[in-house]
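Trainee: Hi! I would like to take a close look at a single part of this protein, and then hear how that part sits within the rest of the chain.

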Amino acid sequence: MNRPTVEKGEKGSTTRSRNRDLFWKFVNYLKDYCANCTLVGFAYIANSRLHFTERIFWLFCVVLSAMGCYYLINDYQSSFPTRAASIVYESLPPFSKWKFPTISMCEVVYKYELTEQVEAYIRSLGGDVDGGDYNFEVESHIAYILFPHQYHEGIIKNHCQAPEEECSTCAQCPTENYRQIQRQFGANCSDLFVNCQLSGKKFDCCRYFLPLITPYGLCFMLNSLQNNEPGSKHWLRTELDPANEKALLQVNTNLPVQVSLLNAEDIPHTALQPVGVSVTDPGQGKYLQFHRQTMDNDPDVHEIDPKLRSCRFPEENLPLSVYKAYSFSTCLSDCTRNIQMAKCGCTPYYMNPLADPRYPDCGLDGLLCLELNMVAKPDAKLLMNNNKGFNDSCGCLPSCNDGDIQAIYEAISTFEKGTIQRNITLSMPALPTDQYRRQALRTRLDVVVSMGGMLGLFLGASILSGIEFIYFFTVRAINNARRNRSARP
């Protein structure tokens, strides 16, 4: 009966003895490493021939140096987000080329005067409660569909309510296919443009002004990264030589337009107010002078995380975006669409320019849902708040290429009788003399050099020290084990 107990005790004793042997082998390897490594001070600690006070002295010095190294590295890492990049203001070389900004021409309505085709479509839907053949309530709703920038709170509910009295011949607001309505009745390029000139040279308006659905409505964009790309046949050369070219753009249109000057990655947005002019009346002419300062980025800035440099490059698009390039305005649009999807499961067609199937278009019921939840046009101040702890905040970062465009002079409108054409003249009268530059204060190489310098200063460590540590506990330990095994009889 006692035999199994004895065997069990012997096994436990054998296991403890084996663990003890492994522990002392590790201690010997550690002493061997400390005695032979290149780290300063470790050899004195492992040297048993020295007096214990000397060994304690060196242990104290090594621990103190390690603590100092840890403190500096931790301080370096904690200060990195606030010192990753900086923006400086620098002078440009004399006679630098003009860089004309991206131009958007957005269709607007003039005094609610819709085209004959739109009015005929509204009449085909029915009349009004008073027996007329034209329903102005439906007209207001169609005007919102074609010109989203005109939206104001309650416009959908107020104009699309069923009449109190039963009326079989009364027109009702269309309940779906709003994207198709825009395609059918929105202006095309040939309807809008008459002629275009840059620096006195005519160019084909419809070749270079490409259409894009934006939160503002239908816009025609010149040199936009959202529907074009540099080097394509639709990209107009807008870098002008000041020796023989003027930064002067002249456009004549048949329809009223809102003209905006943008960066190449931006889109017109109702929450933002870029530099521009509105030309609505027939025969009206507008002259605007502006000044532009571009933003240049050092190559090392791309290596820094967007959150640390507090901006995103156009190619660093958001995963759920429907746009081709990132910008602050597209981020606001994406954020608004996501809020609308969360509330009502759909989004207005103008928030989804490429008809991405992930985001279905809202019909009338969807628009009423958006209006009921007050997200048809969310408060721009809340959206632009970068406080991510706020529920309705988008936390959008600006674009890294976001330059500064300022209006310096806008002349009083001129009017030419006997014509319906509108004239827009945009001029950059002064040569650019300065620009902004975003530069990296700490690149990856700077991090390596700084960390290596701290480790070398306090501990005398280097890359070879790390390799040496791995060598002692792998290659050398294996070779010692083989040598001991072969030495046994």
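Trainee: Is Phe-209 buried or exposed, and what is its relative accessible area?

Mentor: Happy to walk you through it. Please keep in mind that this is a predicted model. Phe-209 has a relative accessible area of 1%. A residue counts as buried when that value is under 20%, so Phe-209 is buried.

Now place Phe-209 in the fold. Phe-209 belongs to strand 6, which covers residues 209-214. If you set aside the neighbours within four places in sequence, Phe-209 touches Ile-103 and Met-105, then Cys-189, Phe-193, Cys-196 and Phe-203, and also Phe-220, Met-221 and Leu-222.

Let's step back to the whole chain. You will find 16 helices and 17 strands in it. The radius of gyration is 36 Å, well over the 23 Å that the globule rule gives for 489 residues, so the chain is more spread out than a compact globule. Its C-alpha trace spans about 115 × 80 × 40 Å along the principal axes. Phe-209 is buried, and buried residues make up 44% of the 489 residues in the chain. Look also at the contacts between residues at least 6 apart in sequence: 75% of them join residues at least 24 apart.

The axes of helix 5 (residues 136-146) and helix 7 (residues 178-185) come within 9 Å and cross at roughly 85°. Angles of 65 to 115 degrees count as roughly perpendicular, and helix 5 and helix 7 are therefore roughly perpendicular to each other. From helix 5, His-141, Ile-145 and Leu-146 take part in the contact, and they meet Tyr-178, Ile-181, Gln-182 and Phe-185 of helix 7. Sorted by class, the contact of helix 5 with helix 7 has five nonpolar residues, two polar ones and no charged ones.

For charged residues, turn to the salt bridges. Side chains of opposite charge can pair when their charged atoms come close. A search of the whole structure finds twelve salt bridges. In one of them, Asp-32 pairs with Arg-476, with the closest N and O atoms 3.4 Å apart. This pair links distant parts of the chain, as Asp-32 is in helix 1 (residues 3-36) and Arg-476 is in helix 16 (residues 475-487), 444 residues apart. Asp-32 is partly exposed at 22% relative accessible area, and Arg-476 is partly exposed at 26%.

Another salt bridge joins Glu-245 and Arg-237, at 3.0 Å from N to O. Here Glu-245 is buried, with a relative accessible area of 10%.

Finally, Arg-437 and Asp-296 form a salt bridge at 3.2 Å, N to O. This pair also links distant parts of the chain: Arg-437 is in strand 17 (residues 434-440) and Asp-296 is in strand 13 (residues 295-297), 141 residues apart. Arg-437 counts as buried at 19% relative accessibility, whereas Asp-296 is partly exposed at 29%. Salt bridges that share partners join Glu-90, Asp-296, Asp-298 and Arg-437 into one network.

Definitions and conventions. Residues are numbered from 1 along each chain as its sequence is written. This is a predicted model: local features need pLDDT of at least 70, side-chain atom pairs count only at pLDDT 80 or more; totals for chains, interfaces and linings use all residues. Side-chain values use heavy atoms; hydrogens and water are left out. Axes are lines fitted to C-alpha atoms, for helices over the stretch in contact, and angles run from 0 to 180 degrees between N-to-C directions. Helices (H or I, at least four residues) and strands (E, at least two) are DSSP runs, numbered from the N terminus. Angles under 35 degrees count as roughly parallel, over 145 as roughly antiparallel, 65 to 115 as roughly perpendicular and the rest as oblique. Contact means heavy atoms within 4.5 Å. Ala, Val, Leu, Ile, Met, Phe, Trp, Tyr, Cys and Pro count as nonpolar, Asp, Glu, Lys and Arg as charged, and the others, Gly among them, as polar. A salt bridge is a side-chain nitrogen of Lys or Arg within 4 Å of a carboxyl oxygen of Asp or Glu. Buried means under 20% relative accessible area, exposed over 50%, partly exposed in between (1.4 Å probe, protein chains only). The radius of gyration is taken over C-alpha atoms; the globule rule is 2.2 Å times the number of residues to the power 0.38.
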